[in-house]
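Visitor: Hi! Could you walk me through the charged pairs in this one?
Guide: Happy to, let's have a look together.

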Amino acid sequence: MNIKFSKPVKIALENSAPILALESTIIAHGMPYPDNLIFAEGAESLCKKLGVAPATIAIIKGEICVGLSKNQLTLIAKNKNVKKIARHEIGFAISQKWTGATTVSSTMHIAKQAGISVFATGGIGGVHRGSEYSFDVSQDLIALSQIPMIVVSAGAKAILDIPKTVELLETLGVPILGYKTKNFPAFYSRVSGVSLTLELKKPQDIVAFYFSHLKNGLSSAILLANPVPKPNEILAKKMEDSINVAIEKAKNLGVKGKQLTPFLLEQIRNETKGKSLKTNRVLALNNINLGARVALEVSKKPR
Ligand code: PSU
Ligand code: MN
């Protein structure tokens, strides 16, 4: 795979220094401009403050970029034609010289190829509500089952069918590790009501688990589930009405496929008068904070 590394990421790789992978679909399709750019720059500076090289991943004019310049981040945040590229579309995107943002599945694939083993996002994709009719299940789940790394998220997005998402992760052999919780988080809210069996509280123990996972021949990711900070939580029962309105609207307009998740997030943003956007930003930064601390621990182990 041909990868264009930013200078800080290249130096970090050469020195086995800590690196955190970040995705770009959350920027291009998860938040509006300019909030998305403010978030993306905040994410990068948080990593730097913690001594970790931020590796935001995107495809720019057919080139895989790991670590973006300020101009490239602005392009991803501002340009309306930026595509949404999942893992199976990487080859096509490159051969057609696309400019696009990477989802959880494609970011995981590229990060792994680049030799980066910790990645933080907002919330993973999963089993959509009504999947028994639409069969809409995010490729993120399959990528998690196949690519060994640590992925930090605030659970799965609340727009999804969370119990089915957790069941499918178990079927696919993806361990879900609660960070200071035994309840799978529901993105905007701290609990989904779905219990977890694995819980750890220290980055050091999380990394020990990851290396034990690898050493014992397992090849899935570990999904590190980190609840949104309490002051920014929106309770699930408060969100439910907005989510239902958004899903109904999508149904009526025939929105489906890769447009569905960005559409629902946008509708919910409008329904909650921007409150969901603030929570989304806070939970993603909270995941980046934890991801950076985990990446620091990973870098202490010989590769
Ligand atoms: N987390 C967020 N906002 C987002 C996403 C994650 O806070 O927009 C993105 C990720 O890129 C994830 C995608 O892979 O949403 C899921 O899309 P889909 O449901 O089409 O697989
Ligand atoms: Mn889908």
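Salt bridges

Guide: Arg 129 is partly exposed, with 29% relative accessible area (buried is under 20%, exposed over 50%, partly exposed in between, with a 1.4 Å probe and protein chains only). This is a predicted model, where local features need pLDDT of at least 70, side-chain atom pairs count only at pLDDT 80 or more, and totals for chains, interfaces and linings use all residues. Residues are numbered from 1 along each chain as its sequence is written, chains are lettered from A and ligands numbered from 1 in the order written, and side-chain values use heavy atoms, without hydrogens and water.

Visitor: Which side chain meets Arg 129 in a salt bridge?
Guide: That is Glu 240, at 2.7 Å from N to O. A salt bridge here is a side-chain nitrogen of Lys or Arg within 4 Å of a carboxyl oxygen of Asp or Glu.

Visitor: And how exposed is Glu 240?
Guide: Glu 240 is partly exposed, at 29% relative accessible area.

Visitor: How many salt bridges are there in the whole structure?
Guide: The search finds 7.

Visitor: Switching topic, what does Glu 14 pair with?
Guide: Glu 14 forms a salt bridge with Lys 10, and their closest N and O atoms are 3.4 Å apart. Both sit in helix α1 (residues 7-14), 4 residues apart, so about one helical turn separates them. Helices (H or I, at least four residues) and strands (E, at least two) are DSSP runs, numbered from the N terminus.

Visitor: Is Glu 14 buried or exposed?
Guide: Exposed, at 55% relative accessibility, while Lys 10 is partly exposed at 43%.
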